Amino acid sequence: TDLRPLDILSEAVPAGGLARGMRVFQVQGVRGFQLSASRPRALGFPASRLFIHCDRFPEEFSIIVTLRPLRVPAKRNEYIFTLMGEESPSVLVGLRYAPDKLHFLFWSQERAGGWQTRVTFPNVSLSDNQWHTLVLAVSGQSFSLTVDCSIPKDVVVETPFPASLSVRRASFYLGNRRRRKGVFTGLLRQLVLLPGADATPRICHAVNFKVATLSVPTVLQDVPAKPVSNEVLKYPYETDMKVTLGARPRCSKQEKAQFWFNASRRGLYLCNGSTWLSMLEVQHRLDYVEEHQNLVTNSESMGIEVFTIPKVGLFAAMANRITPPGSAIYRWTDSKFVHYQNIPTYQAQSWKYFTIGKKIFLAVANFEQNERGQEFSVIYKWSRRKAKFITYQRITTHSARDWEAFVIEGEAFLAVVNHREGNNHNIDSVIYRWNPRTGLFETNQTIPTSGAYDWEFFTIGPYSFLAVANTFNGTSTKIYSHIYIWLSGSFQLFQSILTFGAADWEVFHIGDRVFLAVANSHSYDSGMPAPSNFYAINSSIYELNITAQMFVKFQDLLTYSALDWEFFSVGDDSFLVVANSFDGFTFSVNSIIYRWQGYEGFVAAHHLPTVGCRDWEAFHTAEGSYLFYSSAKEPLSKVLKLKTT
């Protein structure tokens, strides 16, 4: 063969039309083929149409696939493509997808009768209703899979790919193995064979890795939004557009590209995978903030977690300092939070809500020991039968400050911040991995931290990051906080940033820009002269510099023992609110809402009277948008309503 891309998908599409059993769908602005299971042979063609000058499959090659799989049931496989002999049921070359796995198949004919080899790539999770581009590079015994231009997964097997695999009287089949069973049910956009080369460098220069293109059929390529003059579209296509009516529905990756019509506001909204974007509504602007609810709490509150349980409602978990009575969970009822459940906690610092499949969890970070002298934090599970949270797993922690839950490559993780053990602040914080077999979290990695307060997980493109806010090393608050990147199955140091009693990291996006804000709480160093004010100190906002591959300082903002940042949006405007807790003289300090002003950065817009402000949470209901703050100095928290024009 010539060393040029061999477009398998285009070869199956007749000139000027579609093969029987093919339909074109557009999802998230990208087109792909849906393949029918009723006529699998109609989706095939002779291999001789691609291998014109030679009837041997290349010894070294790459296969490039862009696809959008549907969720595959357990123990089921779906074929992306196969190459099969005319008279044989065996697969000469094939690629198939199973839940969280990808299998590459090939036939070796070096022995009498031959045998089939399967190369398996585990932990390949593609069923998230997103487009993905895979590059499979094959050379001898080495097989490498790159998903969305992330870190390659390498596998070496005993049986090498055959040096001389005959394709005489063989045919390619799209999405099947010449049978109805195992037909690919998702959308297929690109299927290219590149002989003699690793295609990764040719693919991974695109801006959007998930739909990076080497060669796609003409029918799937972009066309003008409006036909020229009065002609109709040459290639009609379908979309999976859905419009939901009624109260604000959930917006997650599963609902991406779906619409919601809000009849009360006469607004049409589009889900971008995390938030509803207004499409046909006059954009609201924040005018002022008014007090909506004074919530009397069990005791002083160190943190708030606002979350929604599907088909149940909106809740807020308060991390209360004193036991008994422990911490309380409130439910949003008739436009206010009403007490719902008490949970025993021990100087609770924070809560974290997360889900694993259909399971719903709530983890508390306990700072002190219980009555028996035991020190552990607890994961609670939502009981649908009892309609409340019940104890699920206890984990030994050391003055825990924070939990962070996240998913990487389809696996669930939970990270705890251990603040100190006795008087030793330089201890390990722990990352736990969910074991699906036991249904428990197990230790996966430890990371040295110094009096740490907070974890912040975020992703940029295919990369996953975890930032820790280090607060105190025993002698100074002027220490480095660290950002870690997930590489080869563990977190490795990516960047260190000098902080001053760091209490919180907040990552947020404005357009295509990525920012990371740190809340600096105080400046203290036992070996240095005392400053005039330990607590009046700059907190900083950093921006990701793609060229330098690091976060660089963007802006300093004067804060007063800042303990938390919260990012939120109103209409097209972006805001940051800071939790100022103490100015060196009093805990009655204004916390400030900053408005994004583009070139000017963040500019103070609203000054909010708070007392010992510890945590902010922004949330939305059908009635409007709100801010919720907890006080670490009085048993009273406040819900504030954002009034718009």
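These are my notebook entries on a few features that I looked up in this predicted model.

**Nonpolar cores.** I began with the largest nonpolar core, which has 56 residues, and I noted that F57, F104, F161 and F172 have the most contacts inside it. Apart from it I found another core, of 18 residues, and F307, I343, L362 and W382 are among them. I then followed F161 and, leaving aside its neighbours within four places in sequence, I listed its contacts, including F57, F61, F104, F106 and F143, as well as E59 and G140.

**A buried arginine.** I looked up R68, which has its place in strand β6, residues 60-68. With a relative accessible area of 8%, R68 is buried, because buried means under 20%. I saw that the side chain of R68 reaches the backbone oxygen of N129 at 3.2 Å.

**The second largest pocket.** I wrote down a volume of about 550 Å³ for the second largest pocket. Of the 25 residues that line this pocket, R401, Y453, H522, S561 and L563 are the closest to its centre. Sorting the lining by class, I recorded 10 nonpolar, 12 polar and 3 charged residues.

**Backbone angles.** I returned to S561, which lies in the loop between β42 and β43, and I noted its positive phi of about 45 degrees, although S561 is not a glycine. K311, in the loop between β23 and β24, also has a positive phi, near 65 degrees.

**Cis peptide bonds.** Last, I checked the loop between β24 and β25, where P324 is found. The peptide bond from T323 to P324 is cis, with omega near -15 degrees, and the bond from P324 to P325 is cis with omega near 10 degrees.

Key
Residues numbered from 1 in each chain as written. Predicted model: local features only at pLDDT ≥ 70, side-chain atom pairs only at ≥ 80, totals over all residues. Heavy atoms only, no water. 1 Å grid on protein atoms, 1.4 Å probe; cavity = no way out; pocket = protein on both sides within 12 Å on 5 of 7 lines; lining within 4 Å. Points joined across faces, edges and corners; volume = space filled by probe spheres on them. Nonpolar A, V, L, I, M, F, W, Y, C, P; charged D, E, K, R; others polar. Core = buried A, V, L, I, M, F, W, Y, C linked by side-chain atoms within 4.5 Å. Buried < 20%, exposed > 50% of the residue type's maximum accessible area, 1.4 Å probe, protein only. Contact = heavy atoms within 4.5 Å. Helix = DSSP H or I, 4+ residues; strand = E, 2+ residues; numbered from the N terminus. Polar contact = N/O pair within 3.5 Å; in protein donor to acceptor, adjacent residues only side chain to side chain.
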